[in-house]
Amino acid sequence: MKSKTLFLTRAALLAAVMCILAPISIPIGPVPITLGVFAVMLAGTILNWKEAGAAVLVYLLLGVIGLPVFSSGKSGPAVLVGPTGGYLWTFLFMAIIIALFSGKDRGNRVKETVFAVIGCLVALLVCYFFGTLQFMHVASYDLKSALAVCVYPFVAVDVAKAVVASVLGIQIRSRLRKVGIGK
């Protein structure tokens with residue numbers, strides 16, 4: 001019973017973090033800079049893959065049913081099938097990928113952080129790929145134009161998010177382990 005309670009608590013707490021951070025965004029064009037990607041990276045770094053997946057699923061479901069938790073306070077199922085929806089639904093895969101890369105206790109924080117950053121970067125590629133495909137399809141952009149508005153402006157910021165989320169997430173996870181409630 002204790003492990004089920006911890007699972008639910010950890011997943012719910014990181015879902016709440018996503019709900020708080022993801023609406024914070026800076027509009028720079030058709031795709032805004034958002035803290036949603038950072039929140040997903042943090043969840044994937046702190047939680048195991050099942051918890052991270054559950055946290056993102058809860059976050060997405062809360063947004064679909066109408067809570068204003070997507071970027072700029074948007075919500076509803078139309079957001080997931082809209083031009084930027086591909087980036088949102090890939091959050092589930094991102095969290096799982098990151099958790100799989102960063103989930104193993106490697107004996108020192110530097111190694112764990114490096115693997116977490118690698119996981120974040122691999123997950124970003126997945127997000128960029130599928131998110132941009134959906135954007136191209138829904139918004140009728142060609143590849144070159146879609147990359148110019150959906151990927152290139154975000155690469156440096158997203159790499160910085162990956163590093164910060166990995167460093168912070170590994171520290172949080174380490175402290176949770178010390179008190180007996182971490183993965």
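Select Ser 72 to begin. With a relative accessibility of 45%, Ser 72 counts as partly exposed, where buried means under 20% relative accessible area, exposed means over 50%, and partly exposed lies in between (1.4 Å probe, protein chains only). Ser 72 sits in the loop between helix 3 (49-64) and helix 4 (77-81). Helices (H or I, at least four residues) and strands (E, at least two) are DSSP runs, numbered from the N terminus. The phi of Ser 72 is positive, about 60°, although Ser 72 is not a glycine. Most residues other than glycine have a negative phi.

The model is predicted: local features need pLDDT of at least 70, side-chain atom pairs count only at pLDDT 80 or more, and totals for chains, interfaces and linings use all residues. Residues are numbered from 1 along each chain as its sequence is written, and side-chain values use heavy atoms, with hydrogens and water left out.

**Along the loop to Ser 75**

Select Ser 75, in the loop between helix 3 and helix 4. Ser 75 is partly exposed because its relative accessibility is 29%. Which residues does Ser 75 touch, not counting residues up to four places away in sequence? They are Gly 63, Gly 66, Leu 67, Pro 68 and Phe 70, with contact meaning heavy atoms within 4.5 Å. Ser 75 and Pro 23 are 52 residues apart in sequence, and their C-alpha atoms are 9.8 Å apart in space.

Select Val 114, which belongs to helix 6. Val 114 has a relative accessible area of 43% and is therefore partly exposed.

From Ala 139 to Gly 82 is 8.3 Å, C-alpha to C-alpha, and 57 residues in sequence.

Move to Ser 140, in the loop between helix 6 and helix 7 (143-150). Is Ser 140 buried or exposed? With a relative accessible area of 64%, Ser 140 is exposed. Ser 140 has a phi near 55°, a positive value in a residue other than glycine.

Select Ala 95, whose place is in helix 5. Ala 95 counts as buried because its relative accessibility is 0%. Leaving aside neighbours within four places in sequence, Ala 95 is in contact with Val 40, Gly 44, Ala 52 and Val 56. Gln 171 is 76 residues from Ala 95 along the chain, and the C-alpha atoms of the two are separated by 18 Å.

**Helix 8**

Select residues 155-178, the 24 residues of helix 8. At 1.5 Å a residue, helix 8 should span 34 Å, and its end C-alpha atoms are 34 Å apart, which agrees; the expected span is 1.5 Å times one less than the number of residues. The buried residues of helix 8 are Asp 158, Lys 161, Ala 162, Ala 165, Ser 166, Gly 169, Ile 170, Arg 173 and Ser 174. An α-helix has 3.6 residues a turn, so residues three or four places apart point the same way. Now display what the buried residues of helix 8 pack against: strand 2 (33-34), helix 2 (36-46), helix 5 (85-102) and helix 6 (109-139). Just after helix 8, select Gly 180, which takes a positive phi of about 85°.

**The whole chain**

Finally, zoom out to show the whole chain. How many helices and strands does the chain have? There are eight helices and two strands, in the order α-β-β-α-α-α-α-α-α-α along the sequence. The C-alpha atoms fill a box of roughly 50 × 35 × 20 Å, taken along the principal axes. Of the 183 residues, 44% count as buried. Among contacts in the chain with a separation of 6 or more, 70% come from residues 24 or more positions apart.
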